[in-house]
Amino acid sequence: MSPAGPEDLDALLAVARAAARAGARTAAAWRAGAHELLIEEKAGPDDLVSQADRDTERAVRAVLSEHRPDDTVLGEEEGTTTGRGGVRWIVDPIDGTTNYLYGRPDWAVSVAAADADSGRLLAGVVVEPAVGALTEARAGARTVADGTPVAPLRKCDLSRALVELNFGRPAQRPLAGPAVGVLLPRVRDLRRGGSAAAALAQVATGRADALWAPGLHAWDCAAGALLVHRAGGTVGALTGPTPGTWPPDGDVLAASPALWTQLRELLARVYPAAGEGDGSPGSDSEDAHVTGPG
């Protein structure tokens, strides 16, 4: 059984916060000496990893191991460490590694706790070190940004919406142009920040109004999805909302409820129906069995 009461959830959130802050300190320390980093390509030139990513994940895992030694941990760089506890931790040590390595501000450390059986999100923290922002949430409570509860997400006017985009996996990228074409005439403007975790925190805190990010992994979006949920927003795939968790196919639309419905209708003109095309992670991906609640 995972923690369910308010005190249990507060304790989980405190661990997530401590772990994310430890990761942020490690990443920031490496950033000061970024010229010394050995940079590698994983799946291609747009998928980078460095020693900073690995050391940051180890810093996060060290905190989780100290406070929750029996839990399972899924991290982008070190895969899954299986435990017998009722919580699964989902860690992205540096989401937006390319931005990080180029000295751009949109990158984040993301730590989430989910029920190990149901996938229900219990606690989540996203730290954006370059802008000094920490956004956190736990089940049953309002999202908090730097100690202050956020305003509910209620925007209705799509023409005044600032929308963040992610271009998706390689097979999805040819649809990026049509997506821009269908959105741009109808919204205030589009942005391509390059970090889904940061973008979800920005939606939850009103620094963006929506995010369309196909092709994500669990570690990219688990914490951020909870931030949007607990700010009163809607998170889901084009097949429908996923209350309390993240979309199992990794295609993430997040916004206020009114904007979510309007954006879903527009994007459905461009992207294949569920089960067609390249809408879900391959079966050989590290997180294929944990990309959603099932």
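Reader: Which residues in H1 meet H2, and which residues in H2 do they meet?

Author: This is a predicted model. Take the H2 side: Gln51, Ala52, Asp55, Thr56, Ala59, Val60, Val63, Leu64 and His67 are in contact with H1. Their partners in H1 are Val15, Ala18, Ala19, Ala22, Gly23, Thr26, Ala27 and Trp30.

Reader: Are H1 and H2 roughly parallel or roughly antiparallel?

Author: Two packed helices are described by the angle between their axes and the distance between the axes. H1 covers residues 6–32 and H2 covers residues 51–67; their axes come within 8 Å and cross at roughly 155 degrees. Angles over 145 degrees count as roughly antiparallel. Therefore H1 and H2 are roughly antiparallel.

Reader: Is the crossing of H1 and H2 left-handed or right-handed?

Author: The handedness goes with the crossing of roughly 155 degrees. H1 passes H2 in a crossing that is right-handed.

Reader: Now the charges. Which residues are linked with Asp55 in a network of salt bridges?

Author: Asp55 is among the H2 residues that meet H1. Asp55 also belongs to a network of salt bridges.

Reader: Asp71 forms a salt bridge with Arg68. Which residue of that pair is buried?

Author: The closest N and O atoms of the pair are 2.6 Å apart. Buried means under 20% relative accessible area. Arg68 has 24%, so Arg68 is partly exposed. At 6%, the buried residue is Asp71.

Reader: How far apart are N and O in the salt bridge of Asp157 and Arg160?

Author: Asp157 is partly exposed, at 30% relative accessible area. Arg160 is partly exposed too, at 46%. Their side chains meet with an N to O distance of 2.5 Å.

Reader: Which residue forms a salt bridge with Arg191?

Author: Arg191 is partly exposed, with 41% relative accessibility. The closest N and O atoms are 3.0 Å apart, and the partner is Asp189.

Reader: How many salt bridges does the structure hold?

Author: The pair Asp71 and Arg68 is one of them. Asp157 and Arg160 form another. The structure's total is 13.

Reader: Last, the whole chain. What percentage of the residues count as buried?

Author: The protein has seven helices and 16 strands. Its accessible surface comes to about 12,200 Å², with 51% belonging to carbon and sulfur atoms. Of the 294 residues, the buried share is 55%.

Terms used:
Residues numbered from 1 in each chain as written. Predicted model: local features only at pLDDT ≥ 70, side-chain atom pairs only at ≥ 80, totals over all residues. Heavy atoms only, no water. Salt bridge = Lys/Arg side-chain N within 4 Å of Asp/Glu carboxyl O. Buried < 20%, exposed > 50% of the residue type's maximum accessible area, 1.4 Å probe, protein only. Helix = DSSP H or I, 4+ residues; strand = E, 2+ residues; numbered from the N terminus. Areas by Shrake-Rupley, 256 points an atom, 1.4 Å probe, with all protein chains shown as cover. Axes fitted to C-alpha atoms, helices over the stretch in contact; angles between N-to-C directions. Parallel < 35°, antiparallel > 145°, perpendicular 65-115°, else oblique. Left-handed = near helix turned anticlockwise from the far one by under 90°. Contact = heavy atoms within 4.5 Å.
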